[in-house]
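Read the model below from the whole chain down to single residues.

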Amino acid sequence: MTDSSTTVRPDRRAELAAGLARVRSRIADACAAAGRARGEVTLVAVTKTYPAADVVALAGLGVTDVGENRDQEAAPKAAEAAAAGATPRWHFIGQLQRNKARSVVRYADVVQSVDSVRLATALDGAAAAVRDRPLDVLVQVSVDGDPARGGALPDAADPDRGLGAVAAAVAGAGALRLAGLMAVAPLGWEPDRAFARLAEVAARFRADHPGATVLSAGMSGDLEIAIGYGATHVRVGSALLGMRPTLR
């Protein structure tokens, strides 16, 4: 039974159903163009700033994976959705401070944004204390290698932020499972350039970690290009849910 905060209005459900149909069609067309099976690509609905009612509606429409980027919003939203019977697979996709690790591991099934050994260590300790199964982790890659922005550095031997060091820390953690890589196209880069570079990094990464096959890349504006370069997960917000409410 849902309460007023998770009750889905019929008109909103219809809007979401229409958006979902369009996005699913785009994914199917992109898979066909790339010679890939439709089942190779998972849609992650990015519901940041949208209410728990939208999560409940999307779950009812068959969406299995939901992404959030702020713990202070995601934690109560996941609880509200669960109370209404919606239990999607929750992906934490934003920059994560180590002091939020204990909260995030309680509801997230996947953390997509691990970019340092220190963060991996914090998540491992937090997950070991409260979880009965490993937490799936994606290492976020800095496509342009700029250390001023988020992401592990693919060509650096940095002991905290080098891609090899972060991947090794996750792979060696008892309460984490190294599932793959995530990236965002850098500002100023054409998506083709960004995702081609990511595909090169991913190929080298899988040679060292053959079980880490997830590649999360592509959003509302560039999901087709990302799928063409091997993305297994696309993170879609506005194309699915409409224009995002203004953050207060």
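A residue is called buried when its relative accessible area is under 20%, exposed when it is over 50%, and partly exposed in between. By that cut-off, 50% of the 248 residues of the protein count as buried. The model is predicted, not taken from an experiment.

The protein has nine helices and eight strands. Along the principal axes, its C-alpha atoms fill a box of roughly 55 × 45 × 35 Å.

Helix α1 covers residues 10–34 and has 25 residues. From its first C-alpha to its last it reaches 36 Å, close to the 36 Å expected at 1.5 Å a residue. Its buried residues are Arg12, Leu16, Gly19, Leu20, Val23, Ile27, Ala30 and Cys31. The spacing of such a list can be read against helix geometry. An α-helix has 3.6 residues a turn, so residues three or four places apart point the same way. The cover over the buried residues of α1 includes β1, α2, α8 (223–228), β8 (233–236) and α9 (238–241). Just after α1, glycine 35 takes a positive phi of about 70 degrees.

Helix α5, residues 117–130, can be checked in the same manner. Its 14 residues should span 20 Å at 1.5 Å a residue, and its end C-alpha atoms are 20 Å apart, so the span agrees with expectation. Buried in α5 are Val117, Leu119, Ala120, Leu123, Ala126 and Ala127. What covers them includes the helices α4 (101–107) and α6 (163–171), together with the strands β4 (110–114), β5 (135–140) and β6 (176–182).

Next come the pockets. The largest pocket has a volume of about 280 Å³. Its lining consists of 14 residues, and those nearest its centre are Lys48, Asn69, Ile93, Met219 and Arg235. By class, this lining has six nonpolar, five polar and three charged residues.

The second largest pocket holds about 220 Å³ of space. Its lining includes Gln140, Val141, Ser142, Val143 and Asp144, as well as Arg149 and Gly150, and also Val184, Ala185, Pro186 and Leu187. Six residues of this lining are nonpolar, three are polar and two are charged.

Arginine 149, one of the residues lining the second largest pocket, is found in the loop between β5 and α6. Is arginine 149 buried or partly exposed? Its relative accessible area is 40%, so it counts as partly exposed. Leaving aside neighbours within four places in sequence, arginine 149 is in contact with Asp144, Arg161 and Pro186. Of these contacts, Asp144 and Pro186 also belong to the lining of the second largest pocket. Arginine 24 is 125 residues from arginine 149 along the chain, and their C-alpha atoms are separated by 31 Å.

Threonine 49 lies in the loop between β1 (42–46) and α2 (52–60). Its relative accessible area is 18%, and therefore it is buried. Its phi is near 75 degrees, a positive value in a residue other than glycine. Most residues other than glycine have a negative phi.

Alanine 74 and threonine 49 are 25 residues apart in sequence, with 9.4 Å between their C-alpha atoms. Alanine 74 has its place in helix α3 (residues 71–83). With a relative accessible area of 0%, alanine 74 is buried. Not counting residues up to four places away in sequence, alanine 74 touches Glu68 and Tyr107.

Glutamate 200 and tyrosine 229 are 29 residues apart in sequence, and 9.5 Å apart in space from C-alpha to C-alpha.

Conventions: Residues numbered from 1 in each chain as written. Predicted model: local features only at pLDDT ≥ 70, side-chain atom pairs only at ≥ 80, totals over all residues. Heavy atoms only, no water. Helix = DSSP H or I, 4+ residues; strand = E, 2+ residues; numbered from the N terminus. Expected span 1.5 Å × (residues − 1). Buried < 20%, exposed > 50% of the residue type's maximum accessible area, 1.4 Å probe, protein only. Contact = heavy atoms within 4.5 Å. 1 Å grid on protein atoms, 1.4 Å probe; cavity = no way out; pocket = protein on both sides within 12 Å on 5 of 7 lines; lining within 4 Å. Points joined across faces, edges and corners; volume = space filled by probe spheres on them. Nonpolar A, V, L, I, M, F, W, Y, C, P; charged D, E, K, R; others polar.
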